[in-house]
Structure formats: structure tokens, C-alpha cells
Amino acid sequence: MDDVRSTPAGKMVSAGGNWRDEHVAPVADLQPGWSSEAGDAARLVVYRDAPADVLARFGHLLHALATSDRPASTTWLTTLTDNVLKATGSRSEASHRARTRWTPDLVSEVAGAGGASGRTPVHTTLTTLLHIDDGYSTHRYALLATDAGDAFLARHADVLPEIVTAAGPGPRRLLTLRCARDAGQHAGLLAALTVDEDLSVRAEALAALAWLGGPRQVELLRPHLRTAAPDRLGAVLRRLSDVDGGPAAIRDALRAPEGHAASSSPSMCRSRRTRPRWTS
């Protein structure tokens, strides 16, 4: 495969629009009348019109020809998605039409057609669009940061807790920000993220829940008083102390058996003596 990757055609296919003159000339010699502009236009036609199975095969080809210095976690689907975003990055009408087609639903369809690894095409799509490779940007997330992406997340809300559990802090922050746009739909997930290990994730999730009514916030946050690590509860306790029913939920948690995380939290223990004034 290294031999194929090093050929002029291989270099042209894998470059995805970033073509050097010394690579263009040999291909142009083989195909009179061909130009890099024509190549760009043809790729946009593929991304705009080709069926999912053809796109999957093209993704496998791109991945096979891709440079070998990419992270080991890179898959053919990430290679294809990156190439789509690169090819459709200009402001031309043709780029816009091709880019508009590429929703998370299409990525999921392509994943299924190409036999992408992962429990389901939906799982694979979400991990692909949220994945952050070392040295690579988070631009795949742009396909989730749309109305179509919001609809995809809403339809597959049941999958998101599993994705979050396996994700690193960067993807968790991205997903929290997107789910915050519809706090009612993603209330359970956001409540769990209010006690995430990452401080910024906790802050964004708790800010999103503020759009819900006090009783609903209490309902969502109450279970985490008994299960979360004490050092992640400060902001949650402050929120509950200021909403109707929140202080009662805190008192209930304080009745947890001695040694339980909730009852052993210094902040929670102080509240046995006075109304809590959370400092962390």
C-alpha cells in the first residue's frame, strides 16, 4: 500500500484539494484537459450525489491512501468526514450544496453501508463526530452543530449517556454545550454531567438546567447527592439551596448512613448545623 500511496494518483486522491504542482503535472499528462479545479469539482459532485455505499467505498480508498502519520485511532470514517469538510470548505454554491447534504444521518448511513466498527452506526457516528485526535482540530463537531445535528441528538438521546461515559473531557464539553440548547430533552444527561469530573463540564451542565423549573431541577439533581464524589457537589448544593424543595432534598441526603459519600462531604456535614453556604 505504501507503493500505491506514493504514486501520483495516490497522492492526488489522498490530498483532497491541497495539491502540489509536482503532483498535478503527472496526472494532467495522463489525462489531457484535466486540472486541479476539475478534480475539486468532481469530488464535490461525489459528496453531493453519490449513494451511501459509494461514499463508504471512497472512504475506504481515502483511508488506504492517507499518510501514515495520522493517529492510530483514525478510521476510514474519520478520514472520509475530514475530507468532506476540507473539500466543502469554500464559500462556493457547489460547496454549500454538498456540505448541506452531510448531516449526522448521512454519516450514520455511510457508516452502516461501509461496515464501520462500533456497536451501531449511531454509536460510530457520534464517536466519530466528537472524537478529538491528537494534533487535529475538532472540526467534525461542525456536523453536529446544526439543526440537523440537534434533531439527531434528540432522536438518539438514549445513546448519549454511553457515549459520554467513554468520551474524554473535550468531547464531553462539546456535547454538553450542544445538549444545553434543549435542556428539557437532555435533562437527565445534563443532570449527570453536573457532577462530572471536569469543572467546565459541570458548570455548563448546571447552567443549562437553570432553564428548567425549580421542582424539576430538584428531581433531577436529588439522586446525585447520594452518589457523586463529594468534591463535585459544591455547585449543585448551592443551586439546590436556592430553589423550592432543594433544602429538603439536601436534608434527605444528610440522612444517608454514615460513611456514605453524601453524608461524609464536609459541606454536607456543615449543613447539619446551619443553612449551607457552599464555598466550593
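Is F152 buried or exposed? With a relative accessibility of 1%, F152 counts as buried, since the cut-off for that word is under 20% relative accessible area. Keep in mind as you look around that this is a predicted model.

Let's stay with F152 for a moment. You'll find F152 in helix α10, which covers residues 147-155. Who sits around F152? Setting aside the neighbours within four places in sequence, F152 touches P104, D105, S108, V122, T125, L126 and L144. Take D105 from that list: D105 and F152 are 47 residues apart along the chain, yet 7.0 Å separates their C-alpha atoms.

Now step back and take in the whole chain. What is it built from, helices or strands? The chain has 19 helices and 0 strands. Of its 280 residues, 45% count as buried, F152 being one of them. There's also a number for how the chain comes together across its sequence: among contacts with a separation of 6 or more, 61% are between residues 24 or more positions apart.

Next, the aromatic rings. A pair of rings is described by how far apart the centres are and by the angle between the planes. In this model the count comes to 2 aromatic pairs. One of them joins Y47 and F58, with 5.9 Å from centre to centre and 55° between the planes, and it is a tilted pair. Y47 belongs to helix α4 (residues 36-49) and F58 to helix α5 (residues 52-65), so this pair ties together parts that are 11 residues apart in sequence. Y47 and F58 are both buried.

Y47 has another ring partner, W102. The centres of these two rings are 5.9 Å apart and the planes stand at 85°, so the pair is edge-to-face; the cut-off for that label is an angle over 60 degrees. Here distant parts of the chain are linked, with Y47 in helix α4 and W102 in the loop between α7 (93-101) and α8 (104-113), 55 residues apart. Like Y47, W102 is buried.

On to the charged side chains. How many salt bridges does a search of the whole structure find? The search finds 14. Let's visit three of them.

Start in helix α5, the helix that also holds F58. Here D53 forms a salt bridge with R57, and the closest N and O atoms are 3.5 Å apart. The two residues are 4 apart in helix α5, which means that about one helical turn separates D53 from R57. D53 is partly exposed, with a relative accessible area of 37%, while R57 counts as exposed at 52% relative accessibility.

Then go back to helix α10, the helix of F152. The side chains of D150 and R178 meet in a salt bridge, 2.7 Å from N to O. D150 lies in helix α10 and R178 in helix α12 (residues 169-179), so this pair ties together parts that are 28 residues apart in sequence. D150 and R178 are both buried.

R222 is in helix α15 (residues 214-225) and D252 in helix α17, so the pair ties together parts 30 residues apart in sequence. R222 is partly exposed, with a relative accessible area of 35%, and D252 is partly exposed too, at 30%. Some salt bridges share partners, and in that way D150, R178 and R181 are joined into one network.

Packed helices are described by the angle and the distance between their axes. The axes of α16 (residues 234-241) and α17 (residues 246-254) come within 7 Å and cross at roughly 130°. These two helices are therefore oblique to each other. Which residues of α16 and α17 meet? From α16 there are L237, L240 and S241, and from α17 there are G246, P247 and I250. Sorted by class, this contact has 4 nonpolar, 2 polar and no charged residues.

Note on methods. Residues numbered from 1 in each chain as written. Predicted model: local features only at pLDDT ≥ 70, side-chain atom pairs only at ≥ 80, totals over all residues. Heavy atoms only, no water. Axes fitted to C-alpha atoms, helices over the stretch in contact; angles between N-to-C directions. Parallel < 35°, antiparallel > 145°, perpendicular 65-115°, else oblique. Contact = heavy atoms within 4.5 Å. Nonpolar A, V, L, I, M, F, W, Y, C, P; charged D, E, K, R; others polar. Buried < 20%, exposed > 50% of the residue type's maximum accessible area, 1.4 Å probe, protein only. Phe/Tyr/Trp six-rings, centres within 6.5 Å; stacked < 30°, edge-to-face > 60°. Salt bridge = Lys/Arg side-chain N within 4 Å of Asp/Glu carboxyl O.
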